[in-house]
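I opened a new entry today.

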Amino acid sequence: MIYWHIFWSFFIANLLGYGGGPATIPLIQNEVVNHYHWMTVSKFGDILAIANALPGPIATKMGGFIGYQLAGIPGAIIALAATILPSALAVILLFKFVNLFKDSSKIKLMTKSVQPIIAILLAVMAYQFFLTAFEKSGVYHLLLLACISYFALIRLKVHPSLVIVCALFYGGIFLS
């Protein structure tokens, strides 16, 4: 039964995650944290941070890791298949029709109407991570990391992966 739950949770998240990783991550979080309770928000945040630091599509990295954690290699394979399947099916079945509907005002409106929903899902997820970080590390570490991260990302234009890796090292040294 766990295999079916793994498949269904990643299939649904990636089927509804229109727009790629940023849209899919909150949906995966909803499935693995809120619906199935396979992990906490904090643990999910740790997996997300590590997945962000590695190259490649984030949904497949998270699916593979979470599937492996839950059910070993078969779980990883099932989660990866469920992550890739919606996009693969959409490309195979619908690619012929893309050119027919690409200029449709209804399709353009549908695409634009999804964007605010994705923004809200990302904001909710960020707020949950903020609360978890506040509870786990305290206000001083949180403010220090937030300020340094902002400065590095916005002012110095440091790549986000490097900022994440540095924050992981900071957490490993000072928050263990």
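My notes follow, from the whole chain down to single residues.

**Ground rules**

I am working with a predicted model, where local features need pLDDT of at least 70, side-chain atom pairs count only at pLDDT 80 or more, and totals for chains, interfaces and linings use all residues. I number residues from 1 along each chain as its sequence is written, and side-chain values use heavy atoms, with hydrogens and water left out.

**The whole chain**

I looked up the elements. The protein chain has 7 helices and 0 strands. Helices (H or I, at least four residues) and strands (E, at least two) are DSSP runs, numbered from the N terminus. Read from the N terminus, the order is α-α-α-α-α-α-α.

I looked up the extent. The C-alpha atoms fill a box of roughly 55 × 40 × 25 Å along the principal axes.

I looked up burial. Of the 176 residues, 32% count as buried. Buried means under 20% relative accessible area, exposed means over 50%, and partly exposed is in between (1.4 Å probe, protein chains only).

I looked up contacts, meaning heavy atoms within 4.5 Å. Among contacts with a separation of 6 or more, 57% join residues 24 or more positions apart.

**Two helices by length**

The expected span of a helix is 1.5 Å times one less than its number of residues. The buried residues of H1 are Ile6, Ser9, Phe10, Phe11, Ile12, Ala13 and Asn14.

Next I took H3, residues 41–53. Its 13 residues reach 18 Å from first C-alpha to last, close to the 18 Å expected. Buried residues in H3 include Val41, Phe44, Ile47 and Leu48.

I also noted a rule on helices. An α-helix has 3.6 residues a turn, so residues three or four places apart point the same way.

**Two helix pairs**

Two packed helices are described by the angle between their axes and the distance between the axes. Axes are lines fitted to C-alpha atoms, for helices over the stretch in contact, and angles run from 0 to 180 degrees between N-to-C directions.

What is the angle between H6 and H7? H6 (residues 139–155) and H7 (residues 160–174) pack at about 155 degrees, with axes 10 Å apart. H6 and H7 are therefore roughly antiparallel. For the labels, under 35 degrees is roughly parallel, over 145 roughly antiparallel, 65 to 115 roughly perpendicular, and the rest oblique. The contact is made by His141, Leu144, Leu145, Ser149, Ala152 and Leu153 of H6 and Pro160, Val163, Ala167, Tyr170 and Phe174 of H7.

The axes of H2 (residues 21–35) and H5 (residues 105–137) come within 9 Å and cross at roughly 55 degrees. H2 and H5 are therefore oblique to each other. In H2, Pro22, Ala23, Ile25, Pro26, Leu27 and Gln29 meet Ile118, Leu121, Leu122, Met125, Gln128 and Phe129 in H5.

**Two residues of H7**

Serine 161 lies in H7. At 19% relative accessibility, serine 161 counts as buried. Leaving aside neighbours within four places in sequence, serine 161 is in contact with Asn52 and Ala53.

Isoleucine 164 is also found in H7. With neighbours within four places set aside, isoleucine 164 is in contact with Ala49, Asn52 and Ala53. Isoleucine 164 and serine 149 are 15 residues apart in sequence and 8.5 Å apart in space, C-alpha to C-alpha.

**Cysteines**

How many disulfides does the structure hold? It holds 0 disulfides. A disulfide is a pair of cysteine sulfur atoms within 2.5 Å. The sulfur of cysteine 166 is 16 Å from the closest cysteine sulfur, in cysteine 147, too far for a bond. Cysteine 147 is exposed, at 51% relative accessibility. Cysteine 166 is partly exposed, at 46%.

**Positive phi**

Most residues other than glycine have a negative phi. I found histidine 37 with phi near 55 degrees, a positive value. Histidine 37 sits in the loop between H2 and H3 and is exposed at 61%.

Lysine 157 has a positive phi of about 60 degrees. Lysine 157 sits in the loop between H6 and H7 and is exposed at 64%.
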